[in-house]
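Colleague: I have a few questions about this model. Can we go through them one by one?

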Amino acid sequence: MLSAYEWEAIYLSLKVSSVAVVFSLPLGILVAWILVRCHFPGKTLLDSIIHLPLVLPPVVVGYLLLISMGKRGFIGEWLYDWFGFSFTFSWRGAALASAVVAFPLMVRAIRLALEAVDRKLEQAARTLGATPLRVFFTITIPLSLPGIIVGTVLAFARSLGEFGATITFVSNIPGETQTIPLAMYTLIETPGAETDAARLCIIAIVLALISLLISEWLTRWGKKRLGVA
């Protein structure tokens, strides 16, 4: 039987991961489209910056978020002074940290899907009078759906496992920022709580596995709807 402490960590993990994915998905699609369809000076640099969280230590990502989006950061201070909104020491900050760390995985999957879209179909729609926006939502997005699904679920699974950037940016606060990885860290440091830590470890593995299985099923469903073998 799971304790209230463990249920709280599970609920918070699912909440943080869901919010991170929902708010980063539109930006992920936009960035992937820009990288695939636009040509401009500095494109390679932009691509490298977007993928930087994949190779940077998570603690570095958390520190950068702290000095930029914290209550006294150069962006966070403005948000707090003008809107009374702060990411610091809250689940919103945990969601932001998860979104930043998982964003490259999302963009990478969506970008591959966009690159596979037949441009001739888009061009044919344009010649028939469709606006660029209509072409994007009726042709580009549907044809990219399997990749968008993969990117979304991969980002969700990565958010579930986020630790370093979160604990650096918003600390380890039970009921507020303490997701499954942070709760496990606390339990591992607590004498006699090894069983509880192992239980959360199993739950984390199960949640990640379920996410990947759902991703595979949704991808096959999307390909079937598009008539792809």
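Colleague: Where does L66 sit?
Modeller: This is a predicted model. L66 belongs to a nonpolar surface patch with V60, Y63, L64 and I67. Its place in the chain is residues 58-69, helix 3.

Colleague: Is L66 exposed or partly exposed?
Modeller: Exposed requires over 50% relative accessible area, and buried means under 20%. L66 has 35% relative accessibility, so it counts as partly exposed.

Colleague: At which residue does the kink in helix 5 lie?
Modeller: Helix 5 covers residues 91-115. From first C-alpha to last it reaches 35 Å, close to the expected 36 Å. The kink is about 45° and comes shortly before the proline P104, at A102.

Colleague: UniProt lists residues 89-114 as a transmembrane region. How far apart are the end C-alpha atoms of that span?
Modeller: The listing comes from an unreviewed UniProt entry. In the model, residues 89-114 are 92% helix and 0% strand. The end C-alpha atoms lie apart by 37 Å.

Colleague: Which residue meets R111 in a salt bridge at 2.9 Å, N to O?
Modeller: R111 forms a salt bridge with E115, but there the closest N and O atoms are 3.5 Å apart. Those two are four residues apart in helix 5, so about one helical turn separates them. The 2.9 Å pair joins R111 to D47. That pair links distant parts of the chain, 64 residues apart: R111 in helix 5 and, in helix 2, D47.

Technical notes:
Residues are numbered from 1 along each chain as its sequence is written. This is a predicted model: local features need pLDDT of at least 70, side-chain atom pairs count only at pLDDT 80 or more; totals for chains, interfaces and linings use all residues. Side-chain values use heavy atoms; hydrogens and water are left out. Patches are made of residues with over 30% relative accessible area and no salt bridge: like charges are joined within 9 Å, nonpolar side chains (Val, Leu, Ile, Met, Phe, Trp, Tyr) within 5 Å. Accessible areas come from the Shrake-Rupley method with a 1.4 Å probe; for residues, only the protein chains shown count as cover. A salt bridge is a side-chain nitrogen of Lys or Arg within 4 Å of a carboxyl oxygen of Asp or Glu. Buried means under 20% relative accessible area, exposed over 50%, partly exposed in between (1.4 Å probe, protein chains only). The expected span of a helix is 1.5 Å times one less than its number of residues. The bend at a residue is the angle between axes fitted to the seven residues ending there and the seven starting there. UniProt positions are given in the numbering used here, feature names are shortened, and annotations may be inferred rather than shown by experiment.
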